[in-house]
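I opened a new page for this structure today.

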Amino acid sequence: MAYEEPSFKIVHQTDKYEIRHYQERLAVQSTYTNQNSSFRNLFNYISGANKKSEKIKMTVPVTQAIEDNEFFMQFYLPAEFNKKTTPIPTNSDVEIMLMKEGYFAAIRYSGRSSDKNFIKYSKILREKLLDDKISINGFAIKATYNPPWTLPLFRRNEVLFNVEWDG
């Protein structure tokens, strides 16, 4: 299955990572203490648990991050939506977010999107960016692109960092 993903332009590439420029985009977000409840809240939203009872196509990646000891999960909304046409969530644990335009460093890996793999690749990317004197803004973001039944060898996972880029 081909899912829509936010478009980006690669502005720099090495043998380990790439720097991408993303345009402003909309996401739906849920904070959580339990990943399953957050995913369920977001999935319910795109399945019609919104004020328009509108079904919304699934997109990739699903992103997760920790900021100020708060865990959050996000689904990006399809490009057809804007601030005016995005259905309002009926669940107060779900909110619409405007993701600002910016530059992100990304490293790709296959296998499971376990915390162990995420931490491993976060460290690799952080070290490479520091070696290349690229400033990191904030926290690591886990991006997963495949459903859980995809064989680990064929999975696409990424770690992303928002970075300063003037190249």
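**Helix 2**

I began with the outward face of helix 2: turned away from the buried side, it carries the exposed residues Lys116, Lys123, Glu127, Leu130 and Asp131. I note that the model is a predicted one. Next I looked up the other side. Phe118, Tyr121, Ser122, Leu125 and Leu129 of helix 2 are buried. They cover an arc of only 110° around the axis, so they sit on the same side of helix 2. I then checked the length. Helix 2 has 17 residues, 115–131, and at 1.5 Å a residue it should span 24 Å; the end C-alpha atoms are 24 Å apart, which agrees.

**Strand 5 and its partners**

I moved on to strand 5. Five of its seven residues are buried, so strand 5 is largely enclosed by the rest of the structure. I looked up its pairings. Strand 3 pairs with strand 5 in the antiparallel sense over six bridges. Here Gln29 has Gln74 of strand 5 as its bridge partner. Strand 4 also runs antiparallel to strand 5, and six bridges join the two. In strand 5, Phe72 stands opposite Ala65. Strand 4 and strand 5 form a hairpin, with two residues between them.

Most residues other than glycine have a negative phi, and most peptide bonds are trans. I looked for exceptions. Asp68, in the loop between strand 4 and strand 5, has a positive phi near 50°. Asp68 is exposed, with a relative accessible area of 72%. Asn69 lies in the loop between strand 4 and strand 5 as well. Its phi is positive, about 60°, although Asn69 is not a glycine. Asn69 counts as exposed at 73% relative accessibility. I also found a cis peptide bond between Val60 and Pro61, with omega about 0°. Pro61 is placed in the loop between helix 1 (35–46) and strand 4.

**Second largest pocket**

I finished with the second largest pocket. Its volume is about 490 Å³. It is lined by 28 residues, and the closest to its centre are Arg25, Met99, Phe104, Phe139 and Ile141. Which strand gives the largest share of the lining? Strand 8 does, with four residues. Strands that each supply at least two lining residues include strand 3 (25–32), strand 6 (94–99), strand 7 (102–109) and strand 8 (136–144). Strand 5 (70–76) is also one of them. I sorted the lining by type: 16 residues are nonpolar, seven polar and five charged.

Note on methods:
Residues are numbered from 1 along each chain as its sequence is written. This is a predicted model: local features need pLDDT of at least 70, side-chain atom pairs count only at pLDDT 80 or more; totals for chains, interfaces and linings use all residues. Side-chain values use heavy atoms; hydrogens and water are left out. On a 1 Å grid over the protein atoms alone, a cavity is a set of points where a 1.4 Å probe fits but cannot get out, and a pocket is an open set with protein on both sides within 12 Å along at least five of seven lines; lining residues have an atom within 4 Å of a point. Grid points are joined across faces, edges and corners, and a volume is the space filled by probe spheres set on the points. Ala, Val, Leu, Ile, Met, Phe, Trp, Tyr, Cys and Pro count as nonpolar, Asp, Glu, Lys and Arg as charged, and the others, Gly among them, as polar. Buried means under 20% relative accessible area, exposed over 50%, partly exposed in between (1.4 Å probe, protein chains only). Two strands pair if DSSP finds at least two bridges between them. The expected span of a helix is 1.5 Å times one less than its number of residues. The arc is that of the directions from the helix axis to the C-beta atoms.
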